Amino acid sequence: MFARMKKILKKEKGFTLVELLAVIVILGIILAIAIPAVGNVISKSENDAKQANIDLILNAARLADVNGEFSDDMKVSELKDEGYLEEIPEVPGEEEETYGEGTVKKNEDGTFEYTSDIGKPSED
């Protein structure tokens with residue numbers, strides 16, 4: 001009985017300390033590469049969402065202008081009140097911040113410009 005137990009215990013296999021350390025080092029290298037890459041993807045997607053929201057606001061202003069209801073400077077909240085926006089978009093990545101205080105201006109050449117620092121994409 002004891003002889004059989006000794007045989008079974010001698011057949012135990014496992015990893016050496018060097019093998020475990022090598023795996024930990026490899027995982028560390030992978031994480032060092034992956035974390036900044038994921039951060040860049042998140043930042044880029046937030047900037048894209050901010051630009052899409054601004055484009056939505058500018059399109060609402062163009063529609064108001066076509067209907068003759070656009071004044072020289074119009075707040076985003078006014079566009080919502082007039083029915084050109086269903087709701088004021090929230091700023092991506094910001095807690096409970098919206099574009100409501102932003103202003104849309106019509107330039108002399110007929111183009112529209114969002115003129116607030118709220119929710120603008122970063123220049124990265």
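This is a short chat about a predicted model and the contacts in it.

Q: What kind of model is this, and how are residues numbered?
A: The model is predicted, local features need pLDDT of at least 70, side-chain atom pairs count only at pLDDT 80 or more, and totals for chains, interfaces and linings use all residues. Residues are numbered from 1 along each chain as its sequence is written, and side-chain values use heavy atoms, with hydrogens and water left out.

Q: Let's start with the strands. How many bridges join strand 1 to strand 2?
A: There are 3 bridges, and the two strands run antiparallel. Strand 1 covers residues 73-75 and strand 2 covers residues 103-106. Strands here are DSSP runs of E with at least two residues, helices are runs of H or I with at least four, and both are numbered from the N terminus. Two strands pair if DSSP finds at least two bridges between them.

Q: Which residue is the bridge partner of Lys75?
A: Thr103, in strand 2.

Q: And what about strand 2 and strand 3?
A: They pair in the antiparallel sense over 3 bridges. Strand 3 is residues 112-114. Lys105 stands opposite Glu113 of strand 3.

Q: How many residues lie between the strands in that hairpin?
A: The hairpin has 5 residues between strand 2 and strand 3. Gly110 takes a positive phi near 90 degrees there.

Q: Which residue has a positive phi although it is not a glycine?
A: Glu96, with a phi of about 55 degrees. Most residues other than glycine have a negative phi. Glu96 lies in the loop between helix 3 and strand 2.

Q: Is Glu96 buried or exposed?
A: Exposed, because its relative accessible area is 73%. Buried means under 20%, exposed means over 50%, and partly exposed is in between, using a 1.4 Å probe and protein chains only.

Q: New topic: rings. How many aromatic pairs are in the whole structure?
A: A search finds 2. Phe70 and Phe112 form an edge-to-face pair, 5.1 Å centre to centre with 90 degrees between the planes. Rings of Phe, Tyr and Trp (its six-membered ring) pair if their centres lie within 6.5 Å. Planes under 30 degrees apart count as stacked, over 60 as edge-to-face, and the rest as tilted.

Q: Where do Phe70 and Phe112 sit?
A: Phe70 is in the loop between helix 2 and strand 1, while Phe112 is in strand 3. They are 42 residues apart, so the pair links distant parts of the chain. Both Phe70 and Phe112 are buried.

Q: Why is the pair of Tyr99 and Tyr114 edge-to-face?
A: Because their planes are at 65 degrees, with the ring centres 5.9 Å apart. Tyr99 lies in the loop between helix 3 (76-81) and strand 2, and Tyr114 lies in strand 3, so the pair ties together parts that are 15 residues apart in sequence. Tyr99 is buried at 0% relative accessibility. Tyr114 is buried too, at 3%.

Q: What else touches Tyr99?
A: Asn53 does. Asn53 also touches Pro89, Glu90 and Pro92, not counting residues up to four places away in sequence. Contact means heavy atoms within 4.5 Å. Asn53 is in helix 2, and it is buried, with a relative accessible area of 16%.

Q: OK, charges now. How many salt bridges does the structure hold?
A: It holds 2. A salt bridge is a side-chain nitrogen of Lys or Arg within 4 Å of a carboxyl oxygen of Asp or Glu.

Q: Which residue does Lys44 pair with?
A: Asp48, with the closest N and O atoms 3.2 Å apart. Lys44 and Asp48 are separated by about one helical turn, because they are 4 residues apart in helix 2. Lys44 is exposed at 52% relative accessibility. Asp48 is partly exposed at 43%.

Q: And which residue does Asp65 pair with?
A: Lys106, where the closest N and O atoms are 2.8 Å apart. Asp65 is in helix 2 and Lys106 in strand 2, 41 residues apart. Asp65 is partly exposed at 26% relative accessibility, and Lys106 is partly exposed at 37%.

Q: Last one: what does Ser116 touch?
A: Gly102 and Thr103, not counting residues up to four places away in sequence. Ser116 is in the segment after strand 3. Ser116 counts as buried, at 10% relative accessibility.
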